[in-house]
Amino acid sequence: MTVKALRGVRVPDARKLLLGLANVVRRPVVWNAIVSSESPVFARFRDDDTVLVLQLATIGEREVLMELDPRAFFFTEHYRTIQAVLIRLAEVPAALLTDVVTESWAHVAALPPARPRKKPAVRRRPS
């Protein structure tokens, strides 16, 4: 007899997992993003928090995840060329989400720090 993995992760549990990683903060002003304090956006919630967008190391990783569990992992045309996967929180087993998020975080944490944006020059009116 086989036991099916329980599917579904509640949003508060997903948020707790993400924010429990080192140097990760929530920036609700930026697309409800979960970001590293020194790296680009690494995850964000969309579709009324039913879907988690997670940065990956490669698009190939996304293909593997979609083959592994097509109910949980997918992408839209917008993400076709972006190294990210969309995760249906109601469909993903908690243990699998933990593994994927941890792996994603290891990739993001290894990236060089984001360069600060230059502030635009202040134009002064001629006198």
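Some ground rules before the tour. Residues are numbered from 1 along each chain as its sequence is written, and side-chain values use heavy atoms, with hydrogens and water left out. The model is predicted, so local features need pLDDT of at least 70, side-chain atom pairs count only at pLDDT 80 or more, and totals for chains, interfaces and linings use all residues.

Confidence next. pLDDT is the predictor's confidence in each residue, from 0 to 100. The chain averages 83. Of its residues, 74% reach 70 or more. Among the elements, strand β2, residues 33–36, has the lowest mean, at 61. Strand β5, residues 73–74, has the highest, at 97. Where pLDDT is low, the predicted coordinates should not be read in detail.

Now the fold. There are three helices and six strands. Both are DSSP runs, numbered from the N terminus: helices are H or I with at least four residues, strands are E with at least two. From the N terminus the order is α-β-β-β-β-α-β-β-α. The chain has 127 residues, and 35% of them are buried. Buried means under 20% relative accessible area, exposed over 50%, and partly exposed in between, with a 1.4 Å probe and protein chains only.

On to the pocket. A pocket here is an open set of points on a 1 Å grid over the protein atoms alone, where a 1.4 Å probe fits, with protein on both sides within 12 Å along at least five of seven lines; lining residues have an atom within 4 Å of a point.

Which residues are closest to the centre of the largest pocket? V41, V53, Y79, I82 and A84, out of 14 lining residues. Strands β3 (41–46) and β4 (51–55) each supply at least two of the lining residues. β3 gives the most, with four. By type, the lining has ten nonpolar residues, three polar and one charged. Nonpolar covers Ala, Val, Leu, Ile, Met, Phe, Trp, Tyr, Cys and Pro; charged covers Asp, Glu, Lys and Arg; the others, Gly among them, are polar.

G60 belongs to helix α2, residues 59–68. At 42% relative accessibility, G60 is partly exposed.

A94 sits in helix α3, residues 94–110. The C-alpha of A94 is 8.7 Å from that of A14, 80 residues away along the chain. A94 is partly exposed, at 40%.

Two arginines sit over rings. The rule: NZ of Lys or CZ of Arg within 6 Å of the ring centre and within 35 degrees of the ring normal. R62 has its charged end over F75, 4.1 Å from the ring centre. R88 lies over the face of F74, at 3.9 Å.

Last, backbone angles. Most residues other than glycine have a negative phi. N23 has a positive one, near 60 degrees. N23 is in the loop between α1 (11–19) and β1 (24–27), and is exposed at 53%. D48 also has a positive phi, near 55 degrees. D48 lies in the loop between β3 and β4. Is D48 buried or exposed? Exposed, at 78% relative accessibility.
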